Amino acid sequence: MSVTDIQLQEDLDHHDDHHDEHHELGFVSKYIFSTDHKTIGKQFLITGILWAIIGGGLSLIFRLQLGFPEMDLEWLRPVLGKWITEGGKLDAEFYLALVTMHGTIMVFFVLTAGLSGTFSNFLIPLQIGARDMASGFMNMLSYWFFFASSVVMFISLFIETGPAAGGWTVYPPLSALPQAIQGSGLGMTLWLVSMALFIASTLLGGINYITTVINLRTAGMSFARMPLTIWAFFITAILGLLSFPVLLSAALLLIFDRSFGTSFYLSEIFIAGEALPNMGGSPILYQHLFWFLGHPEVYIIILPALGITSEIIATNARKPIFGYKAMIGSMLGIGFLSFIVWAHHMFVTGMNPFLGSVFTILTLVIAVPSAIKAFNYITTLWKGNIVFTPAMLFSIGLVSFFISGGLTGLFLGNSVLDINLHDTYFVVAHFHLVMGSAAFFGLVAGVYHWFPKMFGRMMDDRLGKLHFWLSFVGIYLVFFPLHYIGIAGFPRRYYSFTSFETFSIYGDLNAFVTIAAILTFSAQFIFLFNFFYSIYRGKLAPANPWGSNTLEWTTPRNPGHGNWTGAIPKVFRWPYDYSKPYKPEYLAKLSEEEKANLSDFIPQTVPYSDTPESNLEHEDEIAKTEKDTGAVKVEA
Amino acid sequence: MLSLIIIVAAVLILAVIFTAYRVTALVDIARKSKNQDDKSVYEVPKDNKWHGLLGVLFIVIGFAAFFYFSIKESNVYNLPISSDHGVIVEDLFSITMYITVFVFVMTHIFLFGFGWKYRHKKKKQATYYPHNNKLELIWTVVPAIVLAVLIISGLKEWNKITGPAPEESEIVEIMGYQYAWAFRYPGKDGMLGGYDFRLMDAINSVGIDLADQNAHDDFMASQLIIPKGQPVHLKIRGRDVIHSVYNPHFRIQMNAVPGMPTRFWFVPTKSTNEMRELTGNPDFNYELVCNKICGKGHYSMKGIITVLEPDEYDEWYKESQENTFLKQNPSYISKVPSHLKEAAKIAAGLENISEKQTVSTAYSSSK
């Protein structure tokens, strides 16, 4: 393993050199109000996991109602109390609250904070070669705003009138009028307060990610040498910074309408026997504002997952990611286009049909960069030497979900097909695959892959693989049948389908989906066990278990505050030099045994001048100038 | 019974987890001497190839189930189409389906096929293949062309569907409220009268503005009754929160938004009776579905749509237009401005009643 023995002795950035002296921090500043990006990342992860259990658990309750409408749910009374009716059924209004909270929790708390919050925090400084985030304090605030937001949302689950119940998109007038639905009372107020705190958290985090990526890259880490994970987090943070303030404005106007008698979204409403005084507002305005965030939001969710996948697939296929520049280009393209496709959520809201045409075109255009990404992942596998670590399996699963769910987007993005599919289970199937499950797999893949760096121990390999197969098959069994139900016209957010003759079919399919959902949810406990058990009892991890090139694997087993004990390493090459061919004249000199022990990866910290045996022609040229930068090869 | 099944399933799952973990833990203990943390790199375990194989198995079984179910059930989930535009929309749906299924199958064959074919082998080295501009250009351009075709064929139809309704259309006003639908027909004059939400009450549920002359002969119906083969123009309103007018047989959907009237027009092509024969269900009815979350009763917000043969429809219309809103609720005549009262009585068909009333009062007073 000659290449890994190389270290950098000198560092020109002297101001950063002396990080060895370590003063012990107290428990509170080390684990609670920590400004260390690694701890903050873990805080986001653990909070995200707790929310995922709650969010997933809520979905099981309403799946029971949908799969087995006749079932006696009396046994849930200890948990749900008065939301179980006298007859032992789920309350129809609480059903809507469950659906709403499931969506809100999963989209914002699990897949935005839990995914982006965890990995942007944990990986950005480690992978670009920085001691910490640009502002550790703001980073800490970002977590604690998220925590406060979580507390408010959690409290709203237990109030008398129930949590917000107007769907996770909380369209007014339903969400503005407590007369229309109980959940639009205090529950909705708490929802709005929680989201405002959440947006503050996202912005504090996002500004930090962007600043850190732009300013704190180590010597040699040019943009063209950044791992795709960092590109993904970077673009995600920009999307968040541009779109979340718009959600805040939407929420603010809704707060005004609800509490201060304004009419931004309300007009000509007659409810509960009286005509309201509001005139001149437009509910459609809210939808425009909401989806101006809402659509970039789905890319805020999926891009980090795609970045994580790029890294894991390249590492475990032992191959460079195929089309590095195309991957960056397509992410930039997706990022840009994500801002001009929002109204495809509104084809049948009464929006001007001409706008519908424009948004159809733009929406289908966004399929092109997405397709490029999928094809590039598959080509990365081609002629690889694939190691199926749990992280790799989950990444492949992600690609599968991304394709399956992405393809149904071609139906929904086409305005004329959307007429019949809008708000049916086809949509539910579509976004649960392409955004929900794919991003969830990205999150889990990331945990399996970076667990050794987070906790210095390995997660159990076999439990990880078992977890994968049960989740992968389970998720398809849950969401694939929903396509049929959707094509048959079943509307989403229906408490039961018994009122309609048209929807009297597929009771069996709904029951099947519910059983599959229970099994898939249960399989997640394998992960939970593996995760918490391995934190304390897992096998000790080597510094670079997966034979990976990126900088985080050059840190010690348990990186302390400041990440590297010595100087920050310099970067000399891109992160994807896996299985780089050796020159034939070099190989000719080696014995068989030496050949078998050749390394198949070259970390980013290795200068070209140290690898004359595998340099490409133009890299030999770079190697000559490299010598002047002070990199010196050290014999171990 | 069901809770029992669920409990059994949960116990089984727990047993699986526990066993699996016991097995791995025991195996680890047995191999402990080998697995110290002096390894600098994760050692590829022996089960690696099985996961490649499982992937292939997954797509073989998955595709078999997918095609079997899709073909076997195609008559169940593809509802019969009952509108003009529905047929064309359905064609585009099928074309999109063929393309996406093709891409779905091919990409998955490659994804899991490569997984199996290029699984880790000790002596093998992966091919260093960082990019190929030609290949990347191909899979940028080909999807772009396919998408362009889909977009263009979709937009043509979209423009027609959302374009202005033909002049001879039957106009019906449809209003969604928690949790039912109201239908208003324009009556003899063929013109819907104005409305104002401030005039709504328990009887005048849609807020008919009786100061508007066109409103005097409007009549309400309890179902959406429409003629077969003629364009129907739905004028859609919401009274309290957003609702959505949806029916999967006609492939129609449009939100009912408070404060912003919307519309949708279409041509029904199968009468309710024809559908009853076609589906073999003598109780078949087209159902008007609310498809936008609107509150507690959202799931039961149903209306009935009845499609009649044109002559039946004409007959029904002729009968129904006698039962104008004003005639049904004569007390509302007080809301008509005094200078229009006489005309309103005539338009609403109230004339005879009031004449009789006058006669009878005259008679009784003379007595």
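Biologist: Which residue stands opposite B:V289 in β10(B)?
Modeller: B:K302 does. Keep in mind that this is a predicted model.

Biologist: In which sense do β9 and β10 of chain B pair?
Modeller: Antiparallel, over four bridges. Strand β9 covers residues 286–290 and β10 covers residues 302–308.

Biologist: What sheet do they belong to, and in what order do its strands run?
Modeller: An open sheet of five strands in chain B. The order is β4-β10-β9-β6-β7, with mixed pairing.

Biologist: Which are the edge strands?
Modeller: β4 (224–227) and β7 (252–256) of chain B. Each of them pairs on one side only.

Biologist: What about the twist?
Modeller: From one strand to the next, the average is 25 degrees.

Biologist: New topic. How many residues are in the largest nonpolar core?
Modeller: It has 277. A:A438, A:A439 and B:V245 have the most contacts inside it.

Biologist: Which helix gives the largest share of this core?
Modeller: Helix α4 of chain A, residues 92–128. It supplies 22 residues.

Biologist: Back to B:V245. What does B:V245 touch?
Modeller: Leaving out residues up to four places away in sequence, its partners include B:I252, B:Q253, B:M254 and B:A256. B:L288 is another of them, as are B:I174 and B:F264.

Biologist: Last thing. What pLDDT does chain A average?
Modeller: It averages 91, and 95% of the residues score at least 70.

Biologist: Where is the pLDDT of chain A below 50?
Modeller: Residues 1–18 are one such stretch. Beyond near neighbours in sequence, that stretch has 34 contacts in the model. Residues 630–636 of chain A also stay under 50, with 15 contacts beyond four places in sequence.

Notes. Residues are numbered from 1 along each chain as its sequence is written. Chains are lettered from A and ligands numbered from 1 in the order in which they are written. This is a predicted model: local features need pLDDT of at least 70, side-chain atom pairs count only at pLDDT 80 or more; totals for chains, interfaces and linings use all residues. Two strands pair if DSSP finds at least two bridges between them. Helices (H or I, at least four residues) and strands (E, at least two) are DSSP runs, numbered from the N terminus. Axes are lines fitted to C-alpha atoms, for helices over the stretch in contact, and angles run from 0 to 180 degrees between N-to-C directions. pLDDT is the predictor's confidence in each residue, from 0 to 100. Two residues are in contact if their C-beta atoms, placed from the backbone, lie within 7 Å. A nonpolar core is a set of buried Ala, Val, Leu, Ile, Met, Phe, Trp, Tyr and Cys residues joined through C-beta atoms within 7 Å. A residue is buried if 20 or more other C-beta atoms lie within 10 Å of its own, exposed if 12 or fewer, and partly exposed in between; C-beta atoms are placed from the backbone.
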